[in-house]
Amino acid sequence: MFLGCHLSISKGFLSLGREALSLGANTCQFFTRNPRGARGRELRPTDVASFLQLAAAHGFGPMVAHAPYTLNPASQDPRVASLAQDILRDDFRRLALMPGIFYNLHPGCHLGRGAQAGMDKAMELLSQVYPEDGKTVVLLETMAGKGTELGRDFAELAYMLGRFQYPDRIGVCLDTCHVHDAGYDLIEDLEGVLREFDQTIGLARLKVIHLNDSLSPRGARKDRHAKIGQGLIGLSTLARLISHPSLAGRPVVLETPNDPPGFAAEIELIRKTLGLKRAFDPANSSQGA
Ligand code: FE
Ligand code: FE
Ligand code: ZN
């Protein structure tokens, strides 16, 4: 199983890879730039190459880049839309150094203009800025449905996927806190939720799982993440989800409120619960972290 967490790239990519390794992770997620959407740093090709080498040497699964969450590709405001265009173009350009990486994106908010108009706008913009020879796989994240967030149910995601110009370059990231908050019953009806996903979107298009517990009751549309086992979804449901045979091989990324030692403990807890060995055991390696 590929299991990891969200980490910072403030010290560069090699440092990110080493940190992931030291936490027992074998995948990770990072923001492509400051989450509030400021300018992204230029990626240093040698740093990225060292990172990719380290990841390959330790059997890392696919990695996930997360777009800044303030980006709103669904906005009808020309200034907001053009900022989203610039950021997305620049992210695709920089991520070309990491072929095959997943680029996770919140579809945006319609801000009262209606879901249909927002979704059309977002997918038109995304299709425009996606490079023709792009190797990056775009993932739309399942959202909690806070405010006017798009992607609050599987039908909206299916609709948006269908409007992207490069059908084999797009998929979905399932966030457990978000789908629970959006009203899907993971606890009592996991099979039913997965069946609905399969019938609406297709499980083959589910590429990454964001593993988070939730502070809120099902359907609250709040999006407040909890540590694994300390929220209202619970460890056993989350464990059943990530060990479900139909989701095998998907990278699982923790976005829980943790510092790095907290992530290490959580990764350990999940591996123990699932009866898995540590991905990387410093005591049994000559390579060090
Ligand atoms: Fe997200
Ligand atoms: Fe998420
Ligand atoms: Zn969230």
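This briefing walks through the aromatic pairs, an iron site and the pockets of the structure above.

The model is predicted, so to speak of local features pLDDT must be at least 70, side-chain atom pairs count only at pLDDT 80 or more, and totals for chains, interfaces and linings use all residues. Residues are numbered from 1 along each chain as written, chains are lettered from A and ligands numbered from 1 in the order written, and side-chain values use heavy atoms, without hydrogens and water.

**Aromatic pairs**

- The count comes to 10 aromatic pairs, where rings of Phe, Tyr and Trp (its six-membered ring) pair if their centres lie within 6.5 Å, with planes under 30 degrees apart called stacked, over 60 edge-to-face and the rest tilted.
- Phe-92 and Tyr-103 have ring centres 5.2 Å apart and planes at 65°, so this pair is edge-to-face.
- Phe-92 sits in helix H3 (residues 78-95) and Tyr-103 in strand S4 (residues 102-105), 11 residues apart; helices (H or I, at least four residues) and strands (E, at least two) are DSSP runs numbered from the N terminus.
- Tyr-130 and Tyr-166 make a tilted pair, with 5.1 Å centre to centre and 45° between the planes.
- Tyr-130 lies in the loop between helix H4 (115-129) and strand S5 (137-141), and Tyr-166 in the loop between helix H5 (154-162) and strand S6 (170-175), so the pair ties together parts 36 residues apart in sequence.
- Tyr-130 and Tyr-166 are both buried.
- One aromatic cluster is formed by Phe-92, Tyr-103, Tyr-130, Phe-164 and Tyr-166.

**Iron site**

- Glu-141 bridges the iron ion (ligand 2) and the iron ion (ligand 1), which lie 3.3 Å apart.

**Pockets**

- The largest pocket is lined by 22 residues, with His-66, Tyr-69, His-106, His-178 and Asp-223 nearest its centre; on a 1 Å grid over the protein atoms alone, a pocket is an open set of points where a 1.4 Å probe fits, with protein on both sides within 12 Å along at least five of seven lines, and lining residues have an atom within 4 Å of a point.

Definitions and conventions:
Buried means under 20% relative accessible area, exposed over 50%, partly exposed in between (1.4 Å probe, protein chains only). Donors are N, O and S atoms within 2.8 Å of the metal (3.2 Å for Na, K and Ca); water is not among the atoms, so sites may look incomplete.
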